[in-house]
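Subject: Structure handover

Hello,

Here is the structure I promised you. My notes follow below it.

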Amino acid sequence: MLCSSFSVSRLAISSVCTLIAFLAYTSQYFFLHFEEAPLTKDEVWKINVFATCIWICYYRACSVDPGHIPKGWMPSDRKQLEADQASGRQRWCRRCEAFKPPRAHHCKTCRRCIPKMDHHCPWTSNCVSHFTFPHFIRFLFYAVVGIAYLETLLWERGSIIWASRNMPSYLGPSVAQIGHLFALFVTNSLTLFVLSILLARTLWSLGANTTTIESWEIERHETLLRRARHYGGFLPGPGGINVRIAKQEFPYDIGIWSNIKAGMGGSANVLSWFWPLARTQDRSAGLDYEVNGFEDPSVSWPPPDPDRIPFPSRDQRDQFTYEAAESTGSFEVEAFRKRQAADLIRRRGPAEVERRKPFHSRFDELASDSSEQSSDASDDTDIGEESWKNSEGERLRDFGVDEEAEFYDEEDIPLALLMQQRAQKERQV
């Protein structure tokens, strides 16, 4: 499986390199042999400068290490850690068996937690992270600017051919030249369209200081808020507990200028933002980030999510069940929910009701069905809240995040015990 993904990554990088070479160099060959309007020295110089910048930025976007979490790293604020654990926020990575800093996620391809992970880009075979984001955005910038300049040159030559369309064919370019120009124009236009959209989206993320994953989390939080309004501000979580869902502001938007500086390596030198050989940010960064202070210091990002909360221990479930029976009248609540479920089936149909079930109940049903059929569930099974998609139809796994590490139903093991287990494994090694 690892060899297969490695081969696909190499194929993707080779395809991008082929595309750059095709547009940058075969276009010059065409222009130099286009007698009606050959390239000027100024045009040759500009094309090759843009091509050089694109090559350098793409190489660095592919080759610079996206970073890792230092071994033995622990949050400095223990009160914040305890508050996060109490609210169900994940600060412990089950894959790495270590603490995760804020904004870090476990990449299923890189097989480690990546600082300020934006997404895993298949076209660079690398994570866009705290350290590689400046190189990635410079690559997009020079690619769009260079391709846009090439587009103007292609339009100019194409307009000359169109203006002389009624002239005898032997007075104009050959069929091969026209075909070459058509291939260049179509490829260049499509590439410009796609990269312009990607650059605009990346610039928006830079100005708002949000990663692609965090944009997904913001939309997810808004969805949970809308759902919670119908249940008095609470949503059902694992083990029958109720999770309070309250409006929470994104903490890392610290102003456009500060956002851009933070995203471009912390430098206020505008010229360095565009310099292809700009140095990569110091490796000691990426573990802590400035916040805007709109929220209480004890509140961290991401907001509570019922399907990111570990399954509570038996003692916690028993205690909750007892309190719920005494304070809310569980029998009346259960009877109401049964009537509500029956009404939903009449109004929406069984299929829609099944789709709207909480993740944990659907996951349990799937597990029981799969055990009866003795078949393993594939990674593409779209069930439960972990398969929730944003307005663009994207899931966390589409950004390279290990969903199994983000959504789980395991027992809520104390952090002290998890750290003890990790220490034992390290001693064994």
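Is Arg 103 buried or exposed? Arg 103 has 6% relative accessibility, and under 20% counts as buried, so Arg 103 is buried. Please keep in mind that this is a predicted model.

Arg 103 lies in the loop between β2 (98-99) and β3 (105-107). Its phi is near 75°, a positive value in a residue other than glycine. Most residues other than glycine have a negative phi.

The charged end of Arg 103 sits over two rings. One is the ring of Tyr 252, with 4.2 Å to the ring centre. The other is the ring of Tyr 289, with 5.0 Å to the centre.

**The aromatic cluster**

Searching the whole structure gives 12 aromatic pairs. One of them joins Phe 250 and Tyr 252: the ring centres are 5.6 Å apart and the planes stand at 75°, so this pair is edge-to-face. The cut-off here is over 60 degrees for edge-to-face. Both partners are buried: Phe 250 has a relative accessible area of 11%, and Tyr 252 has 5% relative accessibility.

Tyr 252 also pairs with Tyr 289. Their ring centres are 6.2 Å apart with the planes at 75°, so this pair is edge-to-face too. Tyr 252 belongs to the loop between β8 (242-244) and α7 (256-263), and Tyr 289 to the loop between α8 (270-274) and α9 (314-327). The pair therefore ties together parts that are 37 residues apart in sequence. Tyr 289 is buried as well, at 13% relative accessibility.

These residues belong to one aromatic cluster, formed by Phe 250, Tyr 252, Tyr 289 and Trp 301.

**A cis bond**

Trp 301 has a further feature. The peptide bond from Trp 301 to Pro 302 is cis, and its omega is near 5°. Most peptide bonds are trans. Pro 302 is located in the loop between α8 and α9.

**Another positive phi**

Lys 116 is in the loop between β4 (112-114) and β5 (119-121). Its phi is near 45°, again positive in a residue other than glycine.

**Arg 157**

Helix α4 (residues 133-163) holds Arg 157. This arginine is buried, with a relative accessible area of 1%. What does Arg 157 touch, leaving aside its neighbours within four places in sequence? Its contacts are Phe 30, Phe 31, Phe 34, Ala 37, Pro 38, Leu 39, Glu 43 and Leu 181. Take Ala 37 from that list. In sequence, Arg 157 and Ala 37 are 120 residues apart. In space, the C-alpha to C-alpha distance is 6.9 Å.

Which residues make the nonpolar surface patch of about 310 Å²? Phe 182, Val 186 and Leu 190 do. Val 186 sits in helix α5 (residues 175-208). Its relative accessible area is 33%, so Val 186 is partly exposed.

**Where to look**

I would open the view on Arg 103 over the rings of Tyr 252 and Tyr 289. From there, go to the cis bond between Trp 301 and Pro 302.

Best wishes

Notes. Residues numbered from 1 in each chain as written. Predicted model: local features only at pLDDT ≥ 70, side-chain atom pairs only at ≥ 80, totals over all residues. Heavy atoms only, no water. Phe/Tyr/Trp six-rings, centres within 6.5 Å; stacked < 30°, edge-to-face > 60°. Buried < 20%, exposed > 50% of the residue type's maximum accessible area, 1.4 Å probe, protein only. Helix = DSSP H or I, 4+ residues; strand = E, 2+ residues; numbered from the N terminus. Lys NZ or Arg CZ within 6 Å of the ring centre and 35° of its normal. Patch = residues over 30% accessible without salt bridge, like charges linked within 9 Å, V, L, I, M, F, W, Y side chains within 5 Å. Areas by Shrake-Rupley, 256 points an atom, 1.4 Å probe, with all protein chains shown as cover. Salt bridge = Lys/Arg side-chain N within 4 Å of Asp/Glu carboxyl O. Contact = heavy atoms within 4.5 Å.
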